[in-house]
Amino acid sequence: MKTFYAKDYNILNEQDITKDLISVLDEIKNTDGEKELIFENGNYIIDADYCTKEMLYITNTVGDNEFSANETPHANTIALYLKGIENLTIKGNGAIFVIDGKITNMAIIDCKNITIDSVEFRHANPDMHELKVINKSLFFVDYEIDNNSNYVVDDDKIFFYGKGYKSAINKDALTSWWNGVIKEKTPNKIKRGRHPLANAIKIKEIRDRVVRAYYPCTSRFDLNDRYYVYDVRRQFVGFFADNSENIVLSNVNQRFNYGLAFVAQNCENITVDHCEFAPEKDSVRKVASVADFLHMCMCRGDIKVTNSYFCGAGDDCLNVHGIHFKIKNKDSNKITVRFMHKQAHGFCPIRVGDTIAFIDPQTLLEIGTAKVENAVLKNEYEIELQLDSTEKAIVGNVIEDTSACANVLFENNTLNRIITRGILLTTRGKVQVKNNHFMSNTMSGVLLSDDAKSWYESGMCTDVTIEGNTFDYCGETPILIKPENLKHAGAVHKNITIKNNTFNKYDGACIFAKSSENIKITGNTFSSNNKLKTKNCTNVTID
């Protein structure tokens, strides 16, 4: 075991460590065998101006048409960049990395056997701003700006600013519907809503950290409501893992990120244990992630998320899915398939030896399979596949890589202030959702989806157990089994057990299932007699 002590590389408490951190990671990359990088407890400053810059195609992030004219699509700045490293443990001992700038916190590319333990990531002056209603009349509202935000009044206009950004307080106010809103009466619920300054006639500063906005009507506002204003483009992320295996995050706290908190694509075996993705406990800011907390795409092996706390997500807490690639061309034993969503492309997760299923996009049912003999990324959007048989390949249909379907264990976690779903699952692997506390999510607690028309996130679920969970507040059906098939021709999802769960504070059907079979519902505690609703399902039992 080779041990690297960060202090020996001039990585010291309360100093800018950016360049020295790059140096030690370069040396680690060129060191064979098992190794560990050990930090002392303390605060370490990382300056975005000196971080590594790379082109990264990260699934479910900013699409090509969303970049501005002065930006290079997919150019990424990264605080901790791990590439081609094997058998490394980073021991933080409670180290806090304070990042100054809009960047990705960590990238793990082409790596094996990486463990990140006992570290925390924070951002200085993040481009995430809270406006709290502290006063209102019939025609104006006074907002208090959170103490984490810097702002300036320039030519009677108010701008938020920090390293890498300067944006008007009412930027995109008329078109933005994705802002987070926490109402005073429901402090643990966050939902999407209109920009607070939409339709404001005039905005002015009336004293330090207080701005007044004038409206034709202020009926939608209540005292102590909190509104969150931020860039929703997902240009950067927290952690990003690509083409890597055996990744462990243990006792990792992430207080903010500019997109999704942890994205893994084309990876195998991921563990998240005793982690906390949430704002600092003393922060007035209640949102920690612009979008999902955990997003796993085209992954294999086992995904384990255990004993962790998630609070304040701008989208789902966990999303595990594959990709439905559309067949664009067929030529002898080759087909060309295409990424269909603008926010996912530029990588090749299909491997030689994989089994692919040919899927009817109307029914989402499998009509045949083939083995992959070769896979080549032709350009950002298209992959050429050589198969052992193209007999069932139909141009216009889609494929699913059934070899890239991870098993999922989601156990002993707490979810609060999740703006959409708790967990969204579309995988053929073995799924276990056990003993979690869904405190508050605006949509469903658990959604089993599958679609080939919008997000193109595959595929069918074949072995799911949802057991021992408590659903306190869900804005929509707590357990929603809803494949997005346009035509029912048979069950899409199957073999689902829902047992010993507690459903609180929900008046509608606690469980809804569509186009599914072999569903066993037993031993649950329901808040009302409205337990179950089904459509086109077979072999459903409930006690």
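Q: How do the residues lining the largest cavity divide by class?
A: In this predicted model, the lining of the largest cavity divides into six nonpolar residues, four polar and one charged. Here Ala, Val, Leu, Ile, Met, Phe, Trp, Tyr, Cys and Pro count as nonpolar, Asp, Glu, Lys and Arg as charged, and the others, Gly among them, as polar.

Q: Which residues line that largest cavity?
A: The lining consists of Thr59, Asn60, His321, Ile323, Phe339, Met340, His341, Ala344, Trp455, Tyr456 and Glu457.

Q: What counts as a cavity or a pocket here?
A: On a 1 Å grid over the protein atoms alone, a cavity is a set of points where a 1.4 Å probe fits but cannot get out, whereas a pocket is an open set with protein on both sides within 12 Å along at least five of seven lines, and a lining residue has an atom within 4 Å of a point.

Q: How much space lies in the largest cavity, and how many cavities are there of 30 Å³ or more?
A: The largest cavity holds about 70 Å³, and the count comes to five cavities of 30 Å³ or more. Grid points are joined across faces, edges and corners, and a volume is the space filled by probe spheres set on the points.

Q: And what about the largest pocket, how much space lies there?
A: The largest pocket has about 850 Å³ of space. Of the 37 residues that line it, Glu71, Lys102, Asp231, Arg233 and Gln235 are the closest to its centre. The elements giving two or more residues to this lining are β5 (75–83), β13 (165–168) and β18, and β13 gives the most, with four residues. Strands are DSSP runs (E, at least two residues), numbered from the N terminus.

Q: Okay, new topic: in what order do the seven strands of the open sheet come?
A: The order is β15-β14-β18-β9-β10-β17-β16, with antiparallel pairing. Because β15 (191–193) and β16 (202–207) stand at the edges with a single partner strand each, one side of each is left without a neighbour in the sheet. Two strands count as paired if DSSP finds at least two bridges between them.

Q: Which strands pair with β10?
A: Strand β9 (residues 128–136) is joined to β10 by five bridges and runs antiparallel to it, and a hairpin of three residues connects β9 to β10. Strand β17 (residues 210–214) also pairs with β10 in the antiparallel sense, over five bridges. As examples of partners, Leu131 is bridged to Ile145 in β10, and Tyr143 stands opposite Val211 in β17.

Q: Why is β10 described as largely enclosed?
A: Five of the six residues of β10 (residues 140–145) are buried, so this strand is largely enclosed by the rest of the structure. Buried means under 20% relative accessible area, with exposed over 50% and partly exposed in between (1.4 Å probe, protein chains only).

Q: Last one: is Leu447 buried or exposed?
A: Leu447 counts as buried, because its relative accessibility is 8%. Leu447 lies in strand β39 (residues 446–448). Not counting residues up to four places away in sequence, Leu447 touches Arg421, Ile423, Leu424, Leu425, Leu480 and Lys482, where contact means heavy atoms within 4.5 Å.

Q: How should I read the numbering and the cut-offs?
A: Residues are numbered from 1 along each chain as its sequence is written, and side-chain values use heavy atoms, with hydrogens and water left out. Local features need pLDDT of at least 70 and side-chain atom pairs count only at pLDDT 80 or more, while totals for chains, interfaces and linings use all residues.
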